[in-house]
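Me: I have a model open on my screen and would like to walk through it with you. Could you take my questions one at a time?

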Amino acid sequence: MGVEVTVEGLTKSFGRQLIWGDVSLTLPAGEISVLLGPSGTGKSVFLKTLVGLLKPEAGSIWIRDKDLPKLSEHDLYEVRKLFGVLFQDGALFGSMTLYDNIAFPLREHTKKSEREVRDIVMEKMEMVGLLGAEKKLPGEISGGMRKRAGLARALVLDPEIILFDEPDSGLDPVRTAYLNQLIVDLNQQVEATFLIVTHDINTARTLPDNIGLLYHRHLAMFGPREMLLCSEEPVVRQFLNAQRVGPIGMAEEKDADELAAEAESGQEIPPLPPVPVQLPPSNGLPRRTQRPPGEWCRQNGVTPPPGSFEGVDWTVPDEGTVYSSRYAQPVDGDQDTVTLRRREG
Ligand SMILES: Nc1ncnc2c1ncn2[C@@H]1O[C@H](COP(=O)(O)OP(=O)(O)OP(=O)(O)O)[C@@H](O)[C@H]1O
Ligand SMILES: [Mg+2]
């Protein structure tokens, strides 16, 4: 099912420059989470800190019973094998064929025979739709193919946690749609926990189970997709809806003058758009971690924007319905169940 990753009070600086502080979140096992944030807020630094390439000043990263920042180099090396990382540009070796690029981690980290290596490489190349391109060099293929080759390479060691740093940057909308489908299909097939950094709002709205937003040196919010898509919190709302009106300015925060000018100009914040249904796997089966559309909204008494979850029946059942979910806010001191409370009006 992949492993749960729990981050507690994580803080990272370079010299006197604080990148982000006191970040706490849990990546649920086997689920897809997306990390958003304006450019330069430290999303790549966060991924690198998770895999232990950068050391935080404070805080914990718990994977099973291990706290990564406290591990010795030797133990960290072992834990790193749990991770598959897709770097922003694919980070392929330009002078090696795709086959050799994808085989590289196996030859480097395992004692497998060339025959075993071949089976694994071909399996992963098939998974990402690259069969037939084994002998190509990275310079001879398109950006979309390079991303998929990077993904195949991230998968060969059967990682339990897969980190993607902007897998969709530089891709056209159609290729992005294919890549997102591939990610959902992979999530259904392989037992791993996914964390994806993206700037693509459509991806963020439809692909993940959970969304996080880094802003202004802290984690503004992290939670189920529906929670953030229905959020009225100004920063979350502005970012997830790609709006100009709001606290985020061209250079991170708007200053007091800019905010005053904005208020005076009477620019209205557009209403929240409908929550789309989640992208399903292409074989028609549910995701491994499928939750019913609207479940979070129902459990938390939140009325989603009109037109949400189009085509599916997510209507509010009778009051008093008892749900079981670890996402629900427990009432009556019960940790596992919650009683639905209908919103007034
Ligand atoms: N090794 C390093 N040494 C010093 N500063 C660094 C280092 N790596 C990153 N930074 C700084 O950390 C900040 C966050 O960088 P990061 O690359 O994580 O941003 P990002 O959120 O991924 O941005 P983008 O969306 O543009 O990719 C930047 O100010 C960057 O200059
Ligand atoms: Mg980055």
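Reply: Gladly, and one term comes first: helices (H or I, at least four residues) and strands (E, at least two) are DSSP runs, numbered from the N terminus. Strands pair if DSSP finds at least two bridges between them. This is a predicted model, where local features need pLDDT of at least 70, side-chain atom pairs count only at pLDDT 80 or more, and totals for chains, interfaces and linings use all residues. Residues are numbered from 1 along each chain as its sequence is written, while chains are lettered from A and ligands numbered from 1 in the order in which they are written.

Me: Which residue in the turn of the E1 and E2 hairpin has a positive phi?

Reply: E1 and strand E2 (residues 17-27) pair antiparallel over seven bridges, one of them joining Ser 13 to Leu 18. Two residues lie between the strands of this hairpin, and the one with a positive phi, about 60°, is Gly 15.

Me: Is Glu 8 buried, partly exposed or exposed?

Reply: A residue is buried with 20 or more other C-beta atoms within 10 Å of its own, exposed with 12 or fewer, and partly exposed in between; C-beta atoms are placed from the backbone. Glu 8, in strand E1 (residues 5-14), has 15 such neighbours, so its class is partly exposed.

Me: Which residue in E4 is the bridge partner of Glu 8?

Reply: E1 and strand E4 (residues 58-63) run antiparallel, joined by five bridges. Glu 8 also comes within 5.5 Å of Gly 59, C-alpha to C-alpha, though 51 residues separate them in sequence. The bridge partner of Glu 8 in E4 is Ser 60.

Me: Which strands stand at the edges of the open sheet of six strands?

Reply: The sheet has mixed pairing and the order E6-E7-E8-E3-E9-E10. Two of its strands have a single partner each, so one side of each is left without a neighbour in the sheet: E6 (83-86) and E10 (218-224).

Me: Which helix gives the most residues to the shell around ligand 1?

Reply: A residue counts as near the ligand if its C-beta atom, placed from the backbone, lies within 6 Å of it. The shell includes Phe 14, Gly 42, Lys 43, Ser 44 and Val 45. With three residues, the top contributor is helix H1 (residues 43-50).
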